[in-house]
Amino acid sequence: MKNLVLLHVTHMTKLFTHVFLIQCFSMSLLFAWDGNAQGKKIEDVTLQVSLLEADIEKAFSTIEKMAGFNFVYAVDDLKQVPKISIENDRQSVYDLLTDISQQTGLRFRQVNNNIHVRVAPATALGNIPDSGNFIDNIEVKGTVRDGYGEPIPGVTISVPNTAIGTVSDMDGNYALVVPEGSTLVFSFIGFVTQRIAIEGRSLVDVVMPEDMASLEEVVVVGYGTVKKSDLTGSVASIKGEDIAQNSAGNFEGLLQGRISGLQVINSNNDNPQGGTTVRIRGVSSINGSNAPLVVIDGVPLGDAGGINAVNPNIIASIEVLKDASATAIYGSRGANGVIMITTKKGTTGKPNIWLNTKMNFSTFSDDLDYWKDPLQMIMLSDESRENADLDPLYIGQKDPSGTYYPSREDVRSGAWPYHTNWPDYVFRDVAVTSDINAGVQGGNQLSQYIVSLGYYEGQGMQNKDDYNKISLDLSYEHKIVDRLTVRTRSGFFTGKRNINYGMEYSRNLLYPVYNGDGSYYKMNPQDFGNPVALTNERINKANNLDGYATLQFDWNIAAPLTLVVRGNARAGTGSSNFFNPPKYTHGGDLFDGEGGASSSNYDNLTFDSYLTYSKTIADDHDIVAMVGANYESSLSRGLHTTGRGFPNDILKDENLSGAEIQFINNSRTQSVLASGFARMNYTYKSRYLFTFTARGDGSSKFGDNNKWGFFPSGAIGWRLSEEDFINNLDFFDQLKLRSSWGISGNQGISPYQTVSQFGQDFYYLGEDEHIIYGVGREIGREGLGNRYVQWGGMANKNLRWEKTSQWDLGLDMTIFGGRLDLTFDYYYKRTSDLLRQQFLNPSTGFDRVWTNDGEIENKGFELGLESRIITRGKFEFDAGFIFNRNRNKVLDIGSQKSSGYLVDANGVKYEPYGGGILNDAYLNVLAIGYPVNSFYGYKVDGIIQDMPSNPTKNTRAGELNYVGLNPDGTLNPDARMIIGDPNPDFTSSLNLQLRHQTGFDFSVLLYAVYGNDIFSTRKLERASLQQYRWTGENPSNERPSLRADRQYFASSWFVEDGSFLRIQNITLGYTLPSVKFLQSGRVYVVASNPVTFSNTSEFDAEVGENGRGGSPYPRVMVVTAGLELKF
Amino acid sequence: MLKETPYGAYSDENYFNTEADALNALLYAYDPLNNIEYGARFLFNLTDIPTNQYKSYNKGLETALYTWDVNPNTEEFLYFFKYAYLSISRANSVLENVAEMQNIPTRLQQQFLGEAYFLRAFNYFMLVRAYGSVPLHQKVVQSVNDGQAPYADIEEIYSFILKDLEMAISMMEISKQQGRADKVAAHALISKVYLTLASSKMTGSPGYDWVSGHEEMYDKAKDHAGEVLFNQNIYGLEPDLAKIYDVNHHNQGREHIFITSMSREGKGQEGNYSQLPQMYSLGLPAVYISSGLNSSNNVQPIIESGQSGFQYYRVDNDFYHQFADEDLRKRLMVTSIYNADGSLLAEWSEDNLNSSNPTLFAFYYPFVRKYTDPYSNGHRTSANLYLIRFAEVALAYAEAAGPTTEGYYWINEVRKRAGLGELPSNLSPEEFREAVWRELTFELAFEGHGLFELRRINRVVEEVTNKTVKAEYAYFFPIPQREIDLNPKN
């Protein structure tokens, strides 16, 4: 870089070559030109340089060596530059250059990793360009101030299309001579560029609003990136560091309440492996998947919900693509939205080593509720049985099942010695999870790398319920030749789960854990619920090992043209084994021991390649065009073995060949997706933005007649803040309206649904076992207890994509001098051709066949606010607010004849959706005109208070007062109706962050779900609620009497308001002062889920998408202590 | 590239190549009979529970059929219907595909096709007796539109059944094997079909006006029953009543013309093995019964000890009392239970219903021992369904022949085996048939015939006295709601 040749090393690759980078800033440092720069930020690279009266070139080469930037300059230009001195302080390159600029008058401009150096034009008349006309020059001066009235030094003031320009001084003052009638352009990094016509004035004072860096943020969209200001679609994002403080088995669990428009349900947060439900803009499919597609560094990974393989610590940012303009580029998989993960990349300069450790301590956030007083339990049992005309149980005898019930007297006197507090045997006092991440990153101008290692050792609340995982990720990139970069990313992930789950802590406290001989106590021969026996004797383990590798070439063919070629392979194996011993487990008892081992493996290959053309024509026309192709194949295989009937349980699952009966089962599924796609972005005068995308997808999963689908979208954006009439209002720093429409698809069904498949069973002819095959196969079960087989296997050659068309109207706004960002989106989403399994009339010999039929709509709005309330002084205070509202409605589920829905006495057209509950075969329904998952059942109007003259089982005082009973007091199925809606009216979150200059920070995240109904089965069971039952003395209108033989049906009595407000996280952190070897450090404490406000009878108000309660214990509260060190 | 080929799955396209393929597809058509939705439970729910044989005693866990509190959504109606059609669909698949096979011996091909015809007829006969007019599917349904088959009237269904059975008779040979039908079974079944037509017409049972004449039908019933009684020597009346129900005898028993073949060695789900004994037995952990009908010294468990029963099929004590005391068939209902050492544990008495002793309290009816398996593998048993027994054919012959020498001979053979004397010899044809019907009630009790027998003599309302019959469904159960919804009857 010693000569002019290097001046040509200008990297014009611009945005689209660097899909891996998510945000960087245009560094028009001290100079008024727009420059879209990529690479590391000069503010982020800090160095310690000490120079005394040094030559400028020496200064540059010093900085080059230390920071990895290249200075580009003409040697001659620097001849007149004075020598400089730099104090021995650690400071950012940005600050260094500011310093140098002030000493020398040089100006800098960053393009990628290059810093272009220019000599400041003189403020002399002679430098006015030679124009045809003679123009009078006048002197203009003034002061440049920021929004707070503080002067801004270093602001570049220039006149477009001339070499005239100057820089404001320390007091923000400037003066220069310009042709009359000129327009002055004031620009400075971090502030909104101002264009002001002098209109004959000689004094022009200027206020420059802060230009929040976000305006030039670059966001990842499919197969490319786009400047946030140029975005026409609805995309929300979050930085990895914002979620890294908490621990979870999978990354999705960390996103709750963090991203506008992303709904995350953690309905069972005790599972150390995680497992969440993730939705974007509601449920739009009933049998296909509703989970967004997760794409990591451009490679589709699968459905969101339980992705354990992604270590949250390697995430640099997450972008959520919500509207059709953004998702249509993923065509047949875009209908549920797309979550784009970008991982951290290597850096240049001295290697950084970091270490993040977290210890999580989990306890229940509320009290457990179970019988603690045996006499009270007995009293209520007696009452309950008496009301059913049954003899009391606790009379010192065995009942027919063989359970001995001690007499009430023996319990009272203590003659019955047992009193077991089962939670002591089921739960850990404190579940401890360690989460350790360490890594190193570094590199030079040619190569950068990052390696990170994660170790997670998670404990569930129940004894021996564990999940451990280790992940290693390596990312490396290297510039092979000038225009060609190779990138690789690879890693592996291994997880080990010991499942010991669902144990009964509410077991009868009158029975001991052990018999006198040390064997486990069973209440009767059919008692398989002793939690200690299950914990110690049962085996249920699952392990997995996954690996991936990506190889990518970025080839900048010519200035406007870039080609990306990428291949990714992912493969993994899983194994699991179980053993249910005789005597203590039901399966084991039934079969004399039951054990099995399974293994599975998968290979996924993705190849994609896309060409990007990016050019600005005649200054006003920015065009970025992209065209590409994609091929994905996935293959999975499984082998499952089960043995039943073991001579003894010594070897447990270790010798399956010793089993009397052995089952072997193997499977293989394969699917292929082939696609072509294209996108065109066109921007006129940076004001009018247009985006068109199209994708064609061919999937093997669909019928011979419908393999291919086409998914177009279009969007327009209007940057109002670029228009004078808005600009003149002097209110908006940024204002953009955008609107999009498009179609995306869902192919979320298993392969092989379009071909006919035979079923298989066993048949005995005398002693001979035949394995038999024929038309019709089991595809699922239905009815109470999933008792009845559903038969499928009929082909549907016409099966095709589910299509979602979506319209979005959005507004992005920044006001108050950059202090408040607001994003608002209204959307309307209509999904048609629903992939559903329609019922067939049973005389066909089939129950269901896949079809495309029905429509669902989702509409709603999303509001996101980010505000920097206090930005200077001792405190900094930020607040974020998210509000999402979605309305879901089933419009059509086919005609009754073709789809098989039911029509009730009220004319409601519905189809059961999901399994049975209580004594009903179903609770959730898809009903036309109602939201998905609506509750269906009987209406209950309080409790019957007075004994009728002719009482029946259901019409006595103390019974639930069912509306619309038959005259004989039996339940009338025709009286059933829609009794609740589990979909919330809105979800919302508030995130407050306070930082103090001493290094302390404090933040709170509140999360609220409002207006949903819960079907609370806990309402019936919770011990502490029994005191509110109806009795003659306490004629409650809330709870029925106790009656042992009462059958409960899905009724409105169980339906409760499921709204809750939760303090999701409270974080207190302290940033360590940097010392010699430590670049940065932070210690923090987080309390997660400490308090929830709700009115349900459930232990945990956060329930699954279908609104069913039932979690047997309260939400787990986690206290995390964390330490982050960077060397 | 986008073509799908399912892995590890057979379909029409790659199956039906070998003799074994054909046999296995045929057995797949038999298989629904073994399932609880059909033969192994709901058949009893639809036919025996709604009659005087059983009573619920209000003990909970009962099907709505105990009280006739039924409607088109009653689950037994749906699943019985569905499983009959499952078997029909699979039989249709055999008929369509095996007929096309080239590389299989003609004799076997004929046998397989004959059995498929038999099965299709057997299922439609179940359907027409249960529901009356039902959709007639003669082919495997290949698309949603194909599924909309019109409801055939009863006459059309019977003519279809008869045609299939004639085909079955012409194609099959006599070859006894547990779990499969042969030519004799086809004769037995067709005689039952004619008998049903004859008696229904004769008694004016609803839906059978169209039948040409009952005597003509009785003659045909007699001819075909005669083929079973006189024209083969593999099947016959099993002399020892207890042996009929001895699971280890199912395989070779002369009595069994068509019997299921569930096995205690069965893998997989219930249906591959039978769990019927528990449906009858008491809710007590271990129940031992006398090992024969006479001796009480040797005892055997109902099924392997330690497995308690569900008390689902509860014999009506009044029905028990209708059996003559000397009738050995009365002893097929258990009134004494024992401990493993042979000592008496408890005896049934009607008063047990009020007992405070938990064991007695559980023993409030004499339970059926026709389905027991002392050699069971846990709850997995070989207790099978007696779908067509020789005695049934003998009584069919007697009913069809009337008070003739042969008629008397065959009913008396059945009575003698049960330890009863001969019928009076001077009965009028009406009295004689009355006697046969009474004999059928006792002989075939608890074997899945009850309501069908009452329907074909037009006596459902008169004879079902321990529950209130829902009149609209007395003769034909409603078509299941799901079928009506998706394939409306017009």
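In strand β11 of chain A, Ala197(A) is the bridge partner of Thr183(A). Strands here are DSSP runs of E with at least two residues, and helices are runs of H or I with at least four, both numbered from the N terminus. The model is predicted; local features require pLDDT of at least 70, side-chain atom pairs count only at pLDDT 80 or more, and totals for chains, interfaces and linings use all residues. Residues are numbered from 1 along each chain as its sequence is written, chains are lettered from A and ligands numbered from 1 in the order in which they are written, and side-chain values use heavy atoms, with hydrogens and water left out.

Strand β10(A), residues 183-187, runs antiparallel to β11(A), and 4 bridges link the two. Two strands count as paired if DSSP finds at least two bridges between them. Both belong to an open sheet of 4 strands, ordered β8-β7-β10-β11 in chain A, with antiparallel pairing. Its edges are β8 (165-167) and β11 (194-197), each of which pairs on one side only. From one strand to the next, the twist averages 20°. Axes for such angles are lines fitted to C-alpha atoms, for helices over the stretch in contact, and angles run from 0 to 180 degrees between N-to-C directions.

A second open sheet of chain A has 5 strands in the order β47-β48-β49-β50-β53, again with antiparallel pairing. β47 (902-903) and β53 (977-980) form its edges, each pairing on one side only. Within it, β48(A) (residues 909-912) and β49(A) (residues 924-927) are joined by 3 bridges and run antiparallel. Glu911(A) has Leu926(A) in β49(A) as its bridge partner.

Elsewhere in chain A, β41 (residues 802-815) and β42 (residues 820-832) run antiparallel and share 13 bridges. Their hairpin has 4 residues between the strands, and Phe816(A) takes a positive phi near 55° there. Ser805(A) stands opposite Arg830(A) of β42(A). β42(A) is also joined by 12 bridges to β45(A) (residues 855-870), and this pair runs antiparallel. Here Arg830(A) stands opposite Glu857(A) of β45(A).

Over all chains, the structure holds 74 salt bridges. The criterion is a side-chain nitrogen of Lys or Arg within 4 Å of a carboxyl oxygen of Asp or Glu. One of them joins Asp620(A) to Lys685(A), at 3.1 Å from N to O. Asp620(A) sits in the loop between β31 (594-617) and β32 (621-644) of chain A, and Lys685(A) in the loop between β33 (661-684) and β34 (688-699) of chain A, so the pair ties together parts 65 residues apart in sequence.

Chains A and B are in contact through 75 residues of chain A and 73 residues of chain B, contact meaning heavy atoms within 4.5 Å. Together they bury about 6400 Å², 57% of it on carbon and sulfur atoms. Buried area is the accessible area (1.4 Å probe) that two parts lose on being put together, summed over both. The interface has 4 salt bridges. Glu782(A) forms a salt bridge with Arg482(B), with the closest N and O atoms 3.0 Å apart. On the side of chain B that touches chain A, α1 (19-30), α3 (75-98) and α17 (481-486) each supply at least two residues. α3(B) gives the most, with 11 residues.
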